Amino acid sequence: MSPGKKDDIEAHSIENTPINQFRLTLDGENHNVPISAGDTLLKAALAAGIDAPHSCTKGRCGTCMSWLRSGDVSMDSNRALSPNNIERGYVLACQSRPSSNTPLWLDFDL
Ligand code: FES
């Protein structure tokens, strides 16, 4: 393996180190929410005692729709979102998990 190739792999690994907290805005207040690897943003918010809007937790109702101001997530399901909402950066908190180490900011004050 060439030295350049090894550097590429290390950079890729650092880039994919999951975040361990994110910023959440709800009712005009900002919170720093700890999150464990594999947890959804909604699960982390509820565990932190934040009463984030939710209902089905299955990606069906859209109650947890929020705006991803920054960061990257992967969604297990986005059926409750229109293509236009997805285009504009809306996500379902109950279906979203961080997918990069970019600082993540989720805003429920739509
Ligand atoms: S709580 Fe229903 S879609 Fe997230």
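**The sheet and its surroundings**

Guide: Start with a hairpin: β1 and β2 form one, with two residues between them, and D27 in the turn has a positive phi of about 55°. Keep in mind that this is a predicted model. D27 sits in the loop between β1 and β2. Its phi value is positive even though D27 is a residue other than glycine. D27 counts as exposed, because it has 8 C-beta neighbours inside 10 Å, and a residue is called exposed at 12 or fewer.

β1 and β2 run antiparallel, and six bridges join them.

Next, step from β1 to its other partner. Three bridges join β1 to β7, which covers residues 105-107, and these two strands run parallel. Here R23 stands opposite W105 in β7.

Go on from β7 to β3. These two pair in the antiparallel sense, over three bridges. W67 has D107 in β7 as its bridge partner.

One more step takes you from β3 to β5. β3 spans residues 65-70, and its pairing with β5 is antiparallel, over three bridges. Two pairs can be picked out here. M65 stands opposite L92 in β5. S66 stands opposite V91 in β5.

The five strands make an open sheet in the order β2-β1-β7-β3-β5, and the pairing is mixed. The edges are β2 (29-34) and β5 (90-92); each has a single partner strand, so one side of each is left without a neighbour in the sheet. From one strand to the next, the twist averages 35°.

Now place the sheet in the chain. The protein has three helices and seven strands. Along the sequence they follow the pattern α-β-β-α-β-β-α-β-β-β.

Follow the chain out of β2. A loop leads from β2 to α2 (41-47), and A37 is found in this loop. A37 is exposed, because 10 other C-beta atoms lie within 10 Å. A37 and R97 are 60 residues apart along the chain, yet their C-alpha atoms are separated by 8.4 Å.

T57 lies in the loop between α2 and β3. T57 has a positive phi of about 60°, although it is not a glycine. With 17 C-beta neighbours inside 10 Å, T57 counts as partly exposed; the buried class would need 20 or more.

What holds the centre of the largest nonpolar core? Of its 16 residues, F22, L41, L42, A45 and A93 touch the most other members. β1, α2 and β5 each supply at least two residues of this core. Leaving aside neighbours within four places in sequence, L42 is in contact with A52, H54, T57, C64, A93 and C94. T57, from the loop between α2 and β3, is one of these contacts.

Step back to the whole chain. Buried residues make up 20% of the 110 residues in the protein. Among contacts with a separation of 6 or more, 54% are between residues 24 or more positions apart.

Last, check the confidence. The mean pLDDT of the protein is 89, and 85% of its residues reach 70 or more. Over residues 1-14 the pLDDT is below 50, and beyond near neighbours in sequence this stretch has one contact in the model. Where pLDDT is low, the predicted coordinates should not be read in detail.

Methods. Residues numbered from 1 in each chain as written. Predicted model: local features only at pLDDT ≥ 70, side-chain atom pairs only at ≥ 80, totals over all residues. Pairing = 2+ DSSP bridges. Helix = DSSP H or I, 4+ residues; strand = E, 2+ residues; numbered from the N terminus. Axes fitted to C-alpha atoms, helices over the stretch in contact; angles between N-to-C directions. Contact = placed C-beta atoms within 7 Å. Core = buried A, V, L, I, M, F, W, Y, C linked by C-beta atoms within 7 Å. pLDDT = per-residue confidence, 0-100.
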